[in-house]
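Good morning, and thank you for the time.

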Amino acid sequence: MRADRLVATLLFLQARGRVTVAEVAAEVEVSERTARRDLEALASAGIPVYSQRGRGGGWSLVGGARTDLTGLTAGEIRALFLVAGPSSATPELRTALRKLVRALPATMRSGAEAASRAGVTDDTDWSGSALGTAAPHLDALRRAVVDGTQIRLGYAAPGRPNGERTVHPLGIASKAGVDYLVAGTDRGLRAYRLSRVTSVEATGEPVVRPDGFDLATAWRSLAGRMEDRMLAATVRGRAERSAEPVLQGLFGGRLTVGRPLVGGWMEIAVDGPSPEILAAQLAGLGARVEILEPAAARRRLALLAAELAATYGSPTTGDAVAEPRDAADRPGR
């Protein structure tokens, strides 16, 4: 703890220029006697600290000398504050950043403070709703990773009842703004989406790390498996060329545009989790897209069309549009 006090005292000297023993004692929360001993210890260690007696006296660094305790370059400091700016910082991180600013030479301090103000994080979508990626147990999971402690993890997997399992937390990975816990289990490495974690309880037992474990390598393997499941099916068909921007917006890299066809059409192929899900996603483009294979996707589209026609009626000339169902007849009532 004394080393921490000495560093804090030196930073205080650098920030204030001249300080009294009473001011140091109040800043680092020690007695004046201890504060005086710490100042004398700095001088004995070769730090150019000296005291001046009398009115207006105090302790100063000789010639305004400064010590860069961070060892960081100006570029590294800017990058750090850009990533960990106040808009997204936890209270602990904000405290750490304030201490780091004190440790910086004056020539670097303004750049660091400007970088911390260069970004903002908005956790709502354009409708004003929360993005839904909040992880209330993030701090507990990070602590378990750092402490190397096994945890009893409550988890709500999609389509399955909530359950608990004992896991070995090995790291936190973030992909596209979504955080995942990488953990060892009796079935090998697994990734758990943090927003689906319902509880975290430390067991007190130490984590068992696989031999040669590397978090980045493990995450690439897990992410590859998840991507394989998300791209397990492909539908093929044709689309109007004017629909290409919409398809690109919906599917991005999962869309493959093939050769042009007569009549302003083009070949397309789209990858996704299943033919049924892809059919539902493409249904909104109506007749601008025609799925040709597989048959499961065509059946799903035919079923969707029948359900929509039964609900809303036919818009063709001479056919009445179905009236809205009475509230008592609506599903779920």
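I begin with the largest pocket, whose volume is about 980 Å³. A pocket here is an open set of points on a 1 Å grid over the protein atoms alone, where a 1.4 Å probe fits and protein lies on both sides within 12 Å along at least five of seven lines; lining residues have an atom within 4 Å of a point. Grid points are joined across faces, edges and corners, and the volume is the space filled by probe spheres set on them.

Before going further, the basis: this is a predicted model, in which local features need pLDDT of at least 70 and side-chain atom pairs count only at pLDDT 80 or more, while totals for chains, interfaces and linings use all residues. Residues are numbered from 1 along each chain as its sequence is written, and side-chain values use heavy atoms, with hydrogens and water left out.

The lining of the largest pocket comprises 26 residues, and Tyr155, Ala191, Arg196, Met226 and Arg229 lie nearest its centre. Two or more lining residues come from each of strand 5 (163-175), strand 6 (178-185), strand 7 (188-193) and helix 8 (215-230). Helix 8 contributes the most, with seven residues. Helices (H or I, at least four residues) and strands (E, at least two) are DSSP runs, numbered from the N terminus.

Those strands belong to an open sheet of five, in the order 7-6-5-4-8, with antiparallel pairing; two strands pair if DSSP finds at least two bridges between them. Strand 7 and strand 8 (197-206) are the edge strands, each pairing on one side only. On average, neighbouring strands in this sheet are turned by 45 degrees against each other, direction ignored. Axes are lines fitted to C-alpha atoms, for helices over the stretch in contact, and angles run from 0 to 180 degrees between N-to-C directions. Strand 4 (residues 149-155) is joined to strand 5 by five bridges, and Arg152 stands opposite Thr166 in strand 5. Helix 8 packs on this sheet, touching strand 5, strand 6 and strand 7, at about 75 degrees to strand 7; contact means heavy atoms within 4.5 Å. Helix 7 (residues 138-147) lies across strand 4, strand 5, strand 6 and strand 8, at about 90 degrees to strand 5.

Now to another open sheet: four strands in the order 10-11-9-12, with antiparallel pairing. Strand 10 (255-261) and strand 12 (289-293) each have a single partner strand, so one side of each is left without a neighbour in the sheet.
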